[in-house]
Amino acid sequence: MKKFYQDLLASHNLHKPLAVNKEESFESESLKKEKILQQVPILGEWEQVGRGNFVKDSSLIHLKSPARFETYPADWPQDGDYTSFGMIGAKRTFVNENWETFNQLKLVVTSHCKNIINPSITVSFTNDGKIKVPDKYDREGHHVINLENKQTREYRLDISNLSRDAISKLEITFNANGSYMDLPADWDIVVEKIFLETNQENSNVKGWQILKNNLSYSHIGYPKESTKTVIAHSELIGEKFLLIDEKNSEVIYKGHFQKFDKTVGTYAVADFSDYKIKGQYFLQVGDLKTKIFKIDDYENLLKTSL
């Protein structure tokens, strides 16, 4: 948050997007924390899906396509309403493989697109087991990855909540959607190093349970007259926590995590509501600590969210 405020002040309130701090993104934080217990490459023959050019290679998928075609795909609506110029991609078929021992898919993607405003790919899974993926409404099994053009990046997909007892197909696709101001535009995507992995530090995708070695707190801060709590995994119930002044690293409040048991789950809660002095602090339990947050008047905290 501190860097964000610095960037905002440096912009002199210009009405343009600020640079994204990728180092503090969910994706970057997740990659830093992961502990890979097993890794298996996805090898074998990939087949072309849809239009464009598919460059066959044993170690990667190379997809190239213009952003616009002279015609729409034969089996798509021909009036151009609510449709693109077609799908471009590759698929890999399996004989109902069980992927339940894996909880993430990792891949490296390079984008060399020309005049494509938001290059992205869609990774799609098909499962023919007890629970079908996608379902009859085509609602699950698809994930869109926004790419950084002219860059090579590693991406991680958490599949721990995906039914995967009988995987029959994996697809990597994108759509030719034309180009901004009808400029000449081309797609050029390379996907490689595709792995199934078991990550000990995978994230939750459903429910309210806090992961181990994580603390959930109010990033915007706490009103000094209001309730102030930090939530943790139930294993921290009874553990001592410290509220520390960021300015001088002084411990200014101590307490113990209490048990919070409701229909949504059981948690450990650190409550420091009776501490009401303005300042910047962080909460620590053992080697685990939050980032810096404020305690301030409610209206001052609101200003930072406007």
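# Salt bridges, cores and strands of a predicted chain

Lys 106 and Glu 197 meet through their side chains in a salt bridge, with N and O 3.1 Å apart. Lys 106 belongs to strand 6 and Glu 197 to strand 12, so the pair ties together parts that are 91 residues apart in sequence. A salt bridge here is a side-chain nitrogen of Lys or Arg within 4 Å of a carboxyl oxygen of Asp or Glu. Helices (H or I, at least four residues) and strands (E, at least two) are DSSP runs, numbered from the N terminus.

The model is predicted: local features need pLDDT of at least 70, side-chain atom pairs count only at pLDDT 80 or more, and totals for chains, interfaces and linings use all residues. Residues are numbered from 1 along each chain as its sequence is written, and side-chain values use heavy atoms, with hydrogens and water left out.

## The chain as a whole

The protein chain contains three helices and 22 strands. Its C-alpha atoms fill a box of roughly 70 × 50 × 35 Å along the principal axes. Of its 306 residues, 39% count as buried, where buried means under 20% relative accessible area, exposed over 50%, and partly exposed in between (1.4 Å probe, protein chains only). Among contacts (heavy atoms within 4.5 Å) between residues at least 6 apart in sequence, 70% join residues at least 24 apart.

## More on the salt bridges

The count of salt bridges comes to 12. Lys 106 also meets Glu 34 in a salt bridge, at 2.5 Å from N to O. This pair links distant parts of the chain, 72 residues apart: Lys 106 is in strand 6, while Glu 34 is in the loop between helix 2 (26–33) and strand 1 (36–41).

Another salt bridge joins Asp 297 and Lys 224, whose closest N and O atoms are 3.8 Å apart. Asp 297 lies in the loop between strand 22 (293–296) and helix 3 (298–303), and Lys 224 in the loop between strand 14 (222–223) and strand 15, so this bridge ties together parts 73 residues apart in sequence. Asp 297 and Lys 224 are both buried. Through shared partners, salt bridges join Lys 224, Glu 225, Lys 276, Lys 278, Asp 296 and Asp 297 into one network.

The table gives the accessibility of some residues named in this report.

| Residue | Relative accessibility | Class |
|---|---|---|
| Glu 197 | 1% | buried |
| Lys 106 | 4% | buried |
| His 233 | 17% | buried |
| Glu 34 | 18% | buried |
| Ile 117 | 67% | exposed |

## Two nonpolar cores

A nonpolar core is a set of buried Ala, Val, Leu, Ile, Met, Phe, Trp, Tyr and Cys residues joined through side-chain atoms within 4.5 Å. The largest core has 39 residues, and Leu 107 and Ile 121 have the most contacts inside it. At least two residues of this core come from each of strand 4 (60–66), strand 5 (87–97), strand 6, strand 7, strand 10 (152–158), strand 11 (167–175) and strand 12 (186–199). Strand 12 gives the largest share, five residues. Beyond its neighbours within four places in sequence, Leu 107 is in contact with residues including Ile 121, Val 123, Ile 145, Leu 157, Ile 172, Val 191 and Ile 194.

A second, separate core has 19 residues, among them Tyr 217, Leu 236, Ala 268 and Val 285.

## Strand 19 and its partners

Strand 19 (residues 265–271) has five of its seven residues buried, so it is largely enclosed by the rest of the structure. Two strands pair if DSSP finds at least two bridges between them. Strand 15 (residues 229–232) runs antiparallel to strand 19 and is joined to it by four bridges, and Val 230 stands opposite Ala 270 of strand 19. Strand 18 (residues 258–262) also pairs with strand 19 in the antiparallel sense, over five bridges. Asp 261 stands opposite Thr 266 of strand 19. With two residues between them, strand 18 and strand 19 form a hairpin.

His 233 lies in the loop between strand 15 and strand 16 (240–245). Leaving aside its neighbours within four places in sequence, His 233 contacts Gln 209, Ile 210, Leu 211, Lys 212 and Ala 268.

## A surface patch

Ile 117, Tyr 180, Met 181 and Leu 183 form a nonpolar surface patch with about 490 Å² of accessible area together. Patches are made of residues with over 30% relative accessible area and no salt bridge: like charges are joined within 9 Å, nonpolar side chains (Val, Leu, Ile, Met, Phe, Trp, Tyr) within 5 Å. Ile 117 is in the loop between strand 6 (104–111) and strand 7 (120–128).

Key: Accessible areas come from the Shrake-Rupley method with a 1.4 Å probe; for residues, only the protein chains shown count as cover.
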